[in-house]
Amino acid sequence: MKFKVLEDVSLSVGGDKDQTFKAGVVEPKESNRAALDKLVALGLAEAVKEKGD
Amino acid sequence: MALNKKVAVAAFDRQTTFGTLAANRKFGFGLRGGTLIDVGMVQNYEELTLAHRAPPSAYRESFTHVLDFTTRAWPKTVAMLLEGALGARATTGASDPFLHTLTYAQNPNYYTFATRLDTEYHKIRDCRIDQLSFTWEQAAPVEMGVRAMGTVGTLYTTAGDPTTDESSDQSFYPAGGVFQIDTSSSTPVTADITGGTITINNHIEPVRVSRQLEPTDVWPGLFEITVSLKLIPTNTNLWRAAVTGTSGGTAIANAPVYGSFHTLFTITAGTRDLDLTAPRIAFYGDYPDPDPAGGPVEIELTGTVVKPSGATEPFTALVHNDQNSASYTGS
């Protein structure tokens, strides 16, 4: 499953350094998964379902 | 020459490394009251018999560095303090106004607080925001309470003022804002709110070990947000709904009834404002008392924010200001 970031955003979660996301489709990695989940919770990103999901 | 109590400033910046003072005093402001630095020294006299009635010596048990003061809520500083109190920040916008969305995270950031009293300067590192509160009364400016606890003090440090001192800027005020509450749904509606207090409490505790008097860390406990709103209602339906479950109810509800709130303080709508919301609060309060002197009925409703189901944020703060994300990444 990929994520679609809806607008450019800089995100800091719980003491981690800021992660910057450009608007567009993002491939989740271990290093950005928590941040992407947070963006989804905030309505700043949405999960993109792919074939097989 | 005496020291002047009028010359007092608090400054702070997020630390990029735990255990290392932030290099900058990024944001700062003057104070309305409180304590610039409390080292919290616990020192006792030795309880020991001897050939004299005076105590033989003293000993020290611990130090706990706390800053606890009240000030105003300004657009730039409030975003960093809310990130410290809540834990997470998402910054969007390509230019002024930038929007900072502050929400819960498990481990809040560490900050260095620097204080100045006239010509004397101190720094406390590894501070976490223990308590952050916003209080207002009618249309008077918002009063912000800040309580932070840190690990190691660097006292009488080198002189320095904040990079950005907001003391002379306009702070947030209620007039022109939005004040909404509902005691039985997640959709608050406008009410004649006359004042209130919103308190974010992380219940920070010092982590103590035997090898040193100062704590090695400061650790968050219960994430507790209390919302207390005073309002002049046209009827007591908000109280009725909190007790019975509906605005037309006639019997108490066995299950707790959850409501919500939304407040917006502003300077200029959409570009400098502070928006606070929570979708799930179990409110309670007293039915209004009669008074021979008469006057409008005022009720006060208080509740603690609880976690909604799923991924919904329990509490969201939105701040519009002119600072991009680089202002909040720390040093």
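This is a predicted model: local features need pLDDT of at least 70, side-chain atom pairs count only at pLDDT 80 or more; totals for chains, interfaces and linings use all residues.

Q: Good to know. What ipTM and pTM does the predictor give the complex?

A: The complex gets an ipTM of 0.93 and a pTM of 0.96 from the predictor. For chain B, the mean pLDDT is 97, and 100% of its residues reach 70 or more.

Q: Let's start with chain A. How many helices and strands are there in chain A?

A: Chain A has 1 helix and 5 strands. Along the sequence they come in the pattern β-β-β-β-α-β. With a radius of gyration of 11 Å, against the 10 Å that the globule rule gives for 53 residues, chain A is as compact as a globular protein of that length.

Q: And what box do its C-alpha atoms fill?

A: Taken along the principal axes, the C-alpha atoms of chain A fill a box of roughly 35 × 20 × 15 Å. Buried residues account for 25% of the 53 residues in chain A. As for contacts between residues at least 6 apart in sequence, 49% of those in chain A join residues at least 24 apart.

Q: Which residues of H1(A) are buried?

A: In H1(A), the buried residues are Ala35(A), Leu36(A), Lys38(A) and Leu39(A). Seen down the helix axis, these residues fall within an arc of 160°, so they line one face of H1(A).

Q: Nice, and what covers them?

A: The cover on the buried residues of H1(A) includes strands E1 (2-5), E2, E3 (19-21), E4 (24-26) and E5 (45-48) of chain A, together with E7 of chain B. Just after the helix, Gly43(A) has a positive phi of about 80°.

Q: How many bridges join E2 of chain A to E7(B)?

A: There are 5 bridges between strand E2 (residues 9-13) of chain A and E7(B), and the two strands run antiparallel. In that pairing, Ser12(A) stands opposite Arg89(B), and Val13(A) is opposite Ala88(B).

Q: Which strand of chain B do 6 bridges join to E7(B)?

A: That is strand E8 (residues 98-104) of chain B, which runs antiparallel to E7(B). Gly87(B) stands opposite Tyr104(B) in that pair. The hairpin of E7(B) and E8(B) has 5 residues between the strands, and Gly93(B) there takes a positive phi near 115°.

Q: Switching topic: which residues of helix H2 in chain B are buried?

A: In H2(B), residues 237-244, Leu238(B), Trp239(B), Ala241(B) and Ala242(B) are buried. Their arc around the axis is only 160°, which puts them on the same side of H2(B). Among the elements that cover them are strands E14 (173-182), E20 (259-268), E21 (272-284) and E22 (299-305) of chain B.

Q: And what follows H2(B)?

A: Gly245(B) follows H2(B), with a positive phi near 105°.

Q: Last one, Val142(B). Where is its place?

A: Val142(B) is in the loop between strand E10 (120-137) and strand E11 (143-150) of chain B.

Q: Why does Val142(B) count as buried?

A: Because Val142(B) has 22 C-beta neighbours inside 10 Å, and the cut-off for buried is 20 or more. Leaving out residues up to four places away in sequence, the contacts of Val142(B) include Arg72(B), Phe134(B), Trp136(B), Tyr173(B) and Phe265(B). The C-alpha atoms of Val142(B) and Gly196(B) are separated by 9.8 Å, with the two residues 54 apart along the chain.

Definitions and conventions. Residues are numbered from 1 along each chain as its sequence is written. Chains are lettered from A and ligands numbered from 1 in the order in which they are written. Two strands pair if DSSP finds at least two bridges between them. Helices (H or I, at least four residues) and strands (E, at least two) are DSSP runs, numbered from the N terminus. The radius of gyration is taken over C-alpha atoms; the globule rule is 2.2 Å times the number of residues to the power 0.38. A residue is buried if 20 or more other C-beta atoms lie within 10 Å of its own, exposed if 12 or fewer, and partly exposed in between; C-beta atoms are placed from the backbone. Two residues are in contact if their C-beta atoms, placed from the backbone, lie within 7 Å. pLDDT is the predictor's confidence in each residue, from 0 to 100. The arc is that of the directions from the helix axis to the C-beta atoms.
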